[in-house]
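Keep the structure open as you read.

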Amino acid sequence: RGRAVTMEDGTYVCSDADFEKELAYLKEKVVAGAEFIVTQMFFEVSVFTAFVDACRAIGITCPIIPGIMLVQNAGGFGRMT
């Protein structure tokens with residue numbers, strides 16, 4: 001099962017096992033003193049809320065700021081989506 005998206009060749013960007021390892025590492029950073037988290041850019045709010053829920057479930061309580069990217073022109077935006 002994939003956490004993010006499936007590539008054309010059928011492989012997943014992030015497996016559930018990898019996602020769990022990344023969350024554990026993220027929690028280590030917070031325990032070590034990180035005061036907030038900035039995510040990567042995303043296009044679906046459900047992706048962000050699922051990430052926040054997963055963080056909260058393992059005890060990460062610091063603020064989680066959604067990553068943004070300024071759209072400079074329609075062509076560039078079209079290539080990203």
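## How the helices cross

A crossing counts as left-handed if the near helix is turned anticlockwise from the far one by less than a right angle, and as right-handed if it is turned clockwise. Helices here are DSSP runs of H or I with at least four residues, strands are runs of E with at least two, and both are numbered from the N terminus. By that rule, α1 and α2 cross in a right-handed way. The contact (heavy atoms within 4.5 Å) is made by Phe19, Leu23 and Leu26 from α1 and by Phe51, Ala54 and Cys55 from α2.

Helix α1 covers residues 16-31, and it packs on α2 at an angle of about 60 degrees with the axes 10 Å apart. Axes are lines fitted to C-alpha atoms over the stretch in contact, with angles running from 0 to 180 degrees between N-to-C directions.

## About the model

This is a predicted model, with local features needing pLDDT of at least 70 and side-chain atom pairs pLDDT 80 or more, while totals for chains, interfaces and linings use all residues. Residues are numbered from 1 along each chain as its sequence is written, and side-chain values use heavy atoms, leaving out hydrogens and water.

## The strand pair

Strand β2 (residues 64-67) runs parallel to β1, joined by 3 bridges; pairing takes at least two DSSP bridges. Opposite Val38 you'll find Ile65 of β2.

## Zooming in on Thr39

Thr39 sits in β1, residues 37-41. Thr39 counts as buried because its relative accessibility is 16%, and the cut-offs are under 20% for buried, over 50% for exposed and partly exposed in between, with a 1.4 Å probe and protein chains only. Among the residues Thr39 touches are Phe48, Phe51 and Ile64, leaving aside those up to four places away in sequence.
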